[in-house]
Amino acid sequence: MKYWGYFAAKITGLVVFLSALWPLVKRLLPRQEAFFHLSPMWHDLGYTTGVYAFWMLAAGLAYLVVWDQRYRCRTCARRLVMPITKGSWSRMFLFGKPHTEYICPFGHGTLKVPDLQLTGKESPDWAEHQDIWTELETLGSDKR
Ligand SMILES: [Zn+2]
């Protein structure tokens, strides 16, 4: 819930930012002169280029929002840390396919991002951990 709420907040923030930026960009675009009452889009190179530049900025920021969200914990929405490479490129059958694992700093789960895409785009695999304190207590109770 926190994960999707954070994502919705980022998308909302992006929309608000772009909505506030658009009037400023529109003011900076070259003034269009009335030419048979045509829209300046497609008929004025400077205006069309400015609109496309704004659109590219918006698309780039949206990509960054989604990219950032992929590497966040699904439980607490914090950035995943400590990437480690596992598997082997030369001994895949022995050690598994190469992939990178990221963990939540609070131990909520592990994200496995495949480094090798043999059968098309493979999506990252999120594995939620059990409660680490319960696990530690069971380890400690075995020694007694
Ligand atoms: Zn977490």
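**Exercise 1.** In this predicted model, find how far helix α2 (residues 45-70) reaches and whether it is buried or in the open.

*Solution.* Step 1: α2 has 26 residues, and 38 Å is expected at 1.5 Å a residue. Step 2: from its first C-alpha to its last, α2 reaches 37 Å, close to that expected value. Step 3: a residue is buried if 20 or more other C-beta atoms lie within 10 Å of its own. Of the 26 residues of α2, the number buried is 0, so the helix lies largely in the open.

**Exercise 2.** Work out how α1 (residues 2-28) and α2 pack, and which residues meet.

*Solution.* Step 1: the angle at which α1 and α2 pack is about 165°, and their axes are 11 Å apart. Step 2: angles over 145 degrees count as roughly antiparallel, which makes α1 roughly antiparallel to α2. Step 3: the crossing of α1 past α2 is right-handed. Step 4: on the α1 side, the residues that meet α2 include F7, L14 and W22; on the α2 side, those that meet α1 include F54, L61 and V65. Step 5: residues three or four places apart in an α-helix point the same way, because there are 3.6 residues a turn.

**Exercise 3.** List the elements of the protein in order, then decide whether the protein is spread out or a compact globule.

*Solution.* Step 1: there are 4 helices and 4 strands, in the order α-α-β-α-β-β-β-α from the N terminus. Step 2: the radius of gyration is 24 Å, well over the 15 Å that the globule rule gives for 144 residues, so the protein is more spread out than a compact globule. Step 3: the C-alpha trace spans about 85 × 35 × 20 Å along its principal axes. Step 4: 3% of the 144 residues count as buried.

Notes:
Residues are numbered from 1 along each chain as its sequence is written. This is a predicted model: local features need pLDDT of at least 70, side-chain atom pairs count only at pLDDT 80 or more; totals for chains, interfaces and linings use all residues. Helices (H or I, at least four residues) and strands (E, at least two) are DSSP runs, numbered from the N terminus. The expected span of a helix is 1.5 Å times one less than its number of residues. A residue is buried if 20 or more other C-beta atoms lie within 10 Å of its own, exposed if 12 or fewer, and partly exposed in between; C-beta atoms are placed from the backbone. The radius of gyration is taken over C-alpha atoms; the globule rule is 2.2 Å times the number of residues to the power 0.38. Axes are lines fitted to C-alpha atoms, for helices over the stretch in contact, and angles run from 0 to 180 degrees between N-to-C directions. Angles under 35 degrees count as roughly parallel, over 145 as roughly antiparallel, 65 to 115 as roughly perpendicular and the rest as oblique. A crossing is left-handed if the near helix is turned anticlockwise from the far one by less than a right angle, and right-handed if clockwise. Two residues are in contact if their C-beta atoms, placed from the backbone, lie within 7 Å.
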